[in-house]
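Hi,

Here is the structure I said I would pass on.

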Amino acid sequence: MVLRTGEEYVNAIKHRNKVEIYVMGNEVNDVTEHPFLKPSILAFKATYDAAYEEDSKHLARAWSVFVNDEVNRFTHIHRSPEDLAYKIKLLRKLSHKTGACFQRCVGWDALNTLYVTTKLIAEKGKKDYYERFIEYLKYVQKNDIALAGAMTDVKGVRTLKPHEQPHAYLRVTEVTKDGIYVSGAKANITGIAAAEEVIVMPTRAMSEKDQEFAVAFSTPLDTEGIKVIVGRQINDGRRMENGEIDGLPYRSNHEGLIVFDNVFIPMERVFMLKDWQMSGILVEIFSAYHRQGYGGCKSGLGDVIIGAAYNLAKQIGVEKAPHIQNKLTEMVLLNENMYGTGMAASLDAIKLCEDGCWWVNPMFANITKQLVTRFPYEITKLSTDIAGGIIGTAPSEWDLKNPKLRQLIEKYLQGIMDYSTEERLRIVRLLENVSFSVAFLIESVHGAGSPEAQRIVINRIYDYDYAEKIAKYLANIEKSINFKENAEPWKKTDTEKIGKQEK
Ligand SMILES: Cc1cc2nc3c(=O)[nH]c(=O)nc-3n(C[C@H](O)[C@H](O)[C@H](O)COP(=O)(O)OP(=O)(O)OC[C@H]3O[C@@H](n4cnc5c(N)ncnc54)[C@H](O)[C@@H]3O)c2cc1C
């Protein structure tokens, strides 16, 4: 049995000696006890607890052929389309358990990306990356390691290439027979202070001139030369108030800037070194896996928001009004669209090589994420509409706890008598903090790549010329047409072209 409990995970990240982690200018010794990071650790911990909870263990556990044992699904290599669908279901459920981003997906997607990429490289004859990766995978699975995934470079001037501004992309500064030295920084890294290991990958396709930036590796976070600067979030000060209403749901995520200052990476943890030709493929594989996942976690947060809005409508007696019912229906429609495309990306998966290598359907994965850049904003707007202005103006829990003010608040903010004013404030705060969160709004736009990145892929895959031929044929402009076997007018991605395809 290689399934860690939540407690075991928390204990594993308590003591660090080498990494420097900063929150609001101060170095943190024990991340598990720091009030700013604690909600984030609790959300991460939920991914471990889920493997032991009766309602979720069927989703949160999987069988690994690599270690011949049951493992936490967050370390699992997808072996079938059903596995990919289980991923989406697990993420939706975990959103219900946390009301937050639980931060373990990027590392998981990085693990699957490296499995496929090193395997594709091995099939071209270079086998050492794959062999090293399999050893690493076994280590991760046997120890149920908490991973973060670091892909996004700081990028400086976006139109300049890595070799034109070396400081803006993480790079290899020296190669020895034992390993490599790397310097640079990765930005916006989810759950970084809560992770034990970081998987680092290139953020974009590279040219030959950029080869020193084409590097993939893993490292324990607690390594000499690594610094983490944790970022701020909307309403984050509430985490440190010791309250139990205003900061609800009291689980949340964090992101951070991770800086590598001449960090040594032993060769057995290097999975790509100067293979600039494979960078674009790696990015394509990772981004599709990660974009698919958003169909699960964001629809799960959508459920929390829909539930809160429905409850608030009942509290003020408007739940039966036709326009409120329409708005709730609209929220469900938007939410299930995100989930539905995530499921389609899973169940219409593509097998890229023998021994698994199940990759998500790239068109549906990119459509999923594109919907996610838009629908959460719409869902937030609709829930704000239903909640009323109180979502932006409610008194604090400290006012409610002041005996002089409690009576006034209870009298004037009371709705239907079946509900207490405190219940109203609790749901208002939950709705505010989830619907306006970084996890539901900002991450939905930029996480897994900004909106334009998906549109580029969607346009690359959709075969406009073939669609035009169909139109011309039906308009009797062309007398014949060679219909393709596939129903979808889609072209193959670069990844499909180099991998073996079997549906
Ligand atoms: C909450 C959150 C969590 C995240 N978690 C992770 C994580 O765990 N790991 C990780 O690796 N990354 C993570 N990311 C980073 C995410 O992948 C990036 O934010 C995303 O790829 C966009 O990059 P950027 O933020 O640098 O924005 P940019 O790429 O700079 O985008 C800003 C704007 O510039 C435009 N633009 C960019 N380049 C060009 C160009 N060459 N020409 C024209 N227009 C351009 C974009 O389309 C966009 O409109 C996270 C981001 C967020 C917000």
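Predicted model: local features only at pLDDT ≥ 70, side-chain atom pairs only at ≥ 80, totals over all residues.

Staying with the ligand for a moment: 22 residues surround it, and the closest are M151, T152, R158, T190 and E443. If you want to find the shell by secondary structure, strand 5 (147-150), strand 7 (179-190) and helix 15 (438-446) each supply at least two of its residues. Domain 1 (6-280) and domain 2 (282-459) each put at least three residues into that shell.

That brings me to the domains. The protein chain is divided into domain 1, covering 6-280, and domain 2, covering 282-459. Taken over C-alpha atoms, their centres are separated by 24 Å. How many residues are in contact between the two? On the domain 1 side there are 51, and they touch 42 residues of domain 2. Looking at the domain 1 side of that contact, the elements giving two or more residues are helix 4 (81-98), helix 5 (105-123) and helix 7 (279-315). By residue class, the domain 1 side comes out as 24 nonpolar, 16 polar and eleven charged.

Now for some helix pairs. Two packed helices are described by the angle between their axes and the distance between the axes, so that is how I have noted them.

Start with helix 8 (residues 322-347) and helix 10 (residues 375-387). Their axes come within 10 Å and cross at roughly 160°. With angles over 145 degrees counted as roughly antiparallel, helix 8 and helix 10 are therefore roughly antiparallel to each other. Helix 8 passes helix 10 in a left-handed crossing. On the helix 8 side, the residues that meet helix 10 are I324, K327, E330, M331, L334, N335, N337 and M338. Helix 10 answers with F375, E378, I379, L382, S383, D385 and I386. Together, the residues of this contact divide into eight nonpolar, three polar and four charged.

Helix 10 also packs against helix 15, at an angle of about 150° and with the axes 9 Å apart. That angle makes helix 10 and helix 15 roughly antiparallel to each other, and their crossing is left-handed. P376, Y377 and T380 of helix 10 make the contact with F440, L441 and S444 of helix 15. Four of the residues in this contact are nonpolar, two are polar and none is charged. Helix 15 is also one of the elements supplying at least two residues to the ligand shell, in case you want to look at both together.

The last pair is helix 9 (residues 362-372) with helix 16 (residues 451-461). Here the axes come within 9 Å and cross at roughly 150°, which makes helix 9 roughly antiparallel to helix 16. The crossing of helix 9 and helix 16 is left-handed. From helix 9 the contact uses P362, M363, N366, I367, K369 and Q370. From helix 16 come P451, Q454, R455, V457, I458 and I461. The residues of this contact divide into seven nonpolar, three polar and two charged.

That's everything from my side. Over to you!

Cheers

Definitions and conventions. Residues numbered from 1 in each chain as written. Near = placed C-beta within 6 Å. Helix = DSSP H or I, 4+ residues; strand = E, 2+ residues; numbered from the N terminus. Domains from an automatic or database assignment. Axes fitted to C-alpha atoms, helices over the stretch in contact; angles between N-to-C directions. Parallel < 35°, antiparallel > 145°, perpendicular 65-115°, else oblique. Left-handed = near helix turned anticlockwise from the far one by under 90°. Contact = placed C-beta atoms within 7 Å. Nonpolar A, V, L, I, M, F, W, Y, C, P; charged D, E, K, R; others polar.
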